[in-house]
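Visitor: I would like a friendly walk through a structure. Could you show it to me first?

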Amino acid sequence: MSRITFNLLAQDGAARRGEVVTRHGAIQTPVFMPVGTLASVKSLTTDQLRQLGPEIILNNTYHLMLRPGVDLVEKLGGVHKFMGWDGAVLTDSGGFQLFSLAKIRKIREEGVEFRSHIDGSPYFLSPESSVEIQTRMGVDIAMAFDECPPYGISHAEVEKSMLLTHRWAKRSLSARTGASALFGIVQGGIHLDLRKRSVEEIAAMDFDGIAIGGVSVGEPKEEMFEVVDYTAPLLPADRPRYLMGVGTPEDLVNGVAAGIDMFDCVMPTRNARNGTLFTSLGKVSIKTAKFAADDRPLDPNCSCVTCRTVSRAYLRHLYVNGEIAASVYNTIHNLSFYLDLMRSIRQAVASNSFWSFREAFLKRVVSGEAA
RNA sequence: GGAGAGUUGGCUGAGCGGUCAAAAGCAGCAGACUGUAAAUCUGCCGGGCCACGCCCUACGGAGGUUCGAAUCCUCCACUCUCCA
């Protein structure tokens, strides 16, 4: 029954330094998990990804269920073998797609009827089937099937949605076989009273970790952190805490400050493909004219392959011309930046200097913009 | 030498009397992106302004017709196609 174990190694204020041990290795926390929805971190080969050194990545139940399908993934030896990845894998349950694909699904008590975004064909996902699919794919950490309500709906509607998530959490849990760890998800939107109730419900269940979901869905950043700052400390200390879908580099620093251990976000990979790069000097839009003849490395303080081997001018050239290599170089850099940031954070927490680290970091980000 | 077609904003290319500062695409510029339907999307793109409205300069050049011309007429310049 040792699905995962969590060891809290150090603490600096609310910030935590820990370790999640899985069958596919130990994960040092706080951790950022690159998103690889379709068993692929977009634009990178698995080997390129491996060289960046993440200990865990994220895949998605909904996407893999459509293509290539669970049966095939299982038959091919599970998702790790399928993509040639020996690190840990966490899958999202498909819950987020209830939000992002809202127009092509129908929610019932039993579960959710989806239309495939690929060809419109109908699919059904329930707490039981979602957990089953995740387990059969052989993931290290599965997520409970939840509903992620949009920002801007009423307190009553959020409450109703949250209660459904709670019932689904119970069902998800009873579908756990032990092969994969299972995390529960706290909902409640921006309403603190609901968040409190949701924590009480979810934390009382035997989940292997607890996530805060339903955040970064369009709400102002202040509201998001009001929720995170309020909710994170309520979570049990002996289990990993995962803030789903977050975020920007400063969000990660602020999340750790609130006591979060795990993060995931498409931002570094998507922005890389769209020409926005994160650097130690702030955000850089590599497509702007000012880099046309700039022969300096993207980030003077970065030692990734991109920064070691090519110039800003070259990166701009690749981007402007739509070269595939632009996505590769940019993704390598952004992910390196995120992973480096988490390494620095871990070190700071371990050495009890997180708060000065955070202050310096935020100051630097605000002054921003690489010149 | 003869016959015909054409010349539009950085490029390609619509428009053929007013609703045209001029379609569309490309290029250019800026901005978004937070559990990925995203190598995507949005905005700007002649100049000026006490800018959601007004002024100036604009559709090869010069004249002309008309209340009004990128659109019609004349001449000039250049380009292309076909026939000798």
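Visitor: Which residue in strand 9 is the bridge partner of arginine 115?

Guide: Strand 8 (residues 112–115) and strand 9 (residues 122–125) pair in the antiparallel sense over four bridges. Helices (H or I, at least four residues) and strands (E, at least two) are DSSP runs, numbered from the N terminus, and two strands pair if DSSP finds at least two bridges between them. In the hairpin of these strands, with six residues between them, glycine 120 has a positive phi near 80°. The bridge partner of arginine 115 in strand 9 is proline 122.

Visitor: What kind of model is this?

Guide: Residues are numbered from 1 along each chain as its sequence is written, while chains are lettered from A and ligands numbered from 1 in the order in which they are written. Local features need pLDDT of at least 70, side-chain atom pairs count only at pLDDT 80 or more, and totals for chains, interfaces and linings use all residues, since the model is predicted.

Visitor: What radius of gyration does chain A have?

Guide: Chain A has 15 helices and 16 strands, and its C-alpha atoms fill a box of roughly 60 × 45 × 40 Å along the principal axes. For 371 residues, a compact globule would have a radius of gyration near 21 Å; the radius is taken over C-alpha atoms, and the globule rule is 2.2 Å times the number of residues to the power 0.38. The value for chain A agrees with that, at 20 Å.

Visitor: Which strands stand at the edges of the open sheet?

Guide: Eight strands form this open sheet with parallel pairing, in the order 4-14-13-12-11-10-6-5.

Visitor: Is methionine 342 buried or exposed?

Guide: Methionine 342 lies in helix 14 and touches Pro30, Val31 and Phe32, leaving aside residues up to four places away in sequence; contact requires C-beta atoms, placed from the backbone, within 7 Å. A residue is buried if 20 or more other C-beta atoms lie within 10 Å of its own, exposed if 12 or fewer, and partly exposed in between. Methionine 342 has 22 such atoms, so it is buried.

Visitor: How many residues of the surface near RNA strand B are charged?

Guide: RNA strand B is surrounded by 49 residues, with Cys148, Ser216, Gly245, Gly247 and Val266 the closest; near means that the C-beta atom, placed from the backbone, lies within 6 Å. Ala, Val, Leu, Ile, Met, Phe, Trp, Tyr, Cys and Pro count as nonpolar, Asp, Glu, Lys and Arg as charged, and the others, Gly among them, as polar. The surface has 17 nonpolar and 22 polar residues, and the charged ones number 10.

Technical notes
Two residues are in contact if their C-beta atoms, placed from the backbone, lie within 7 Å.
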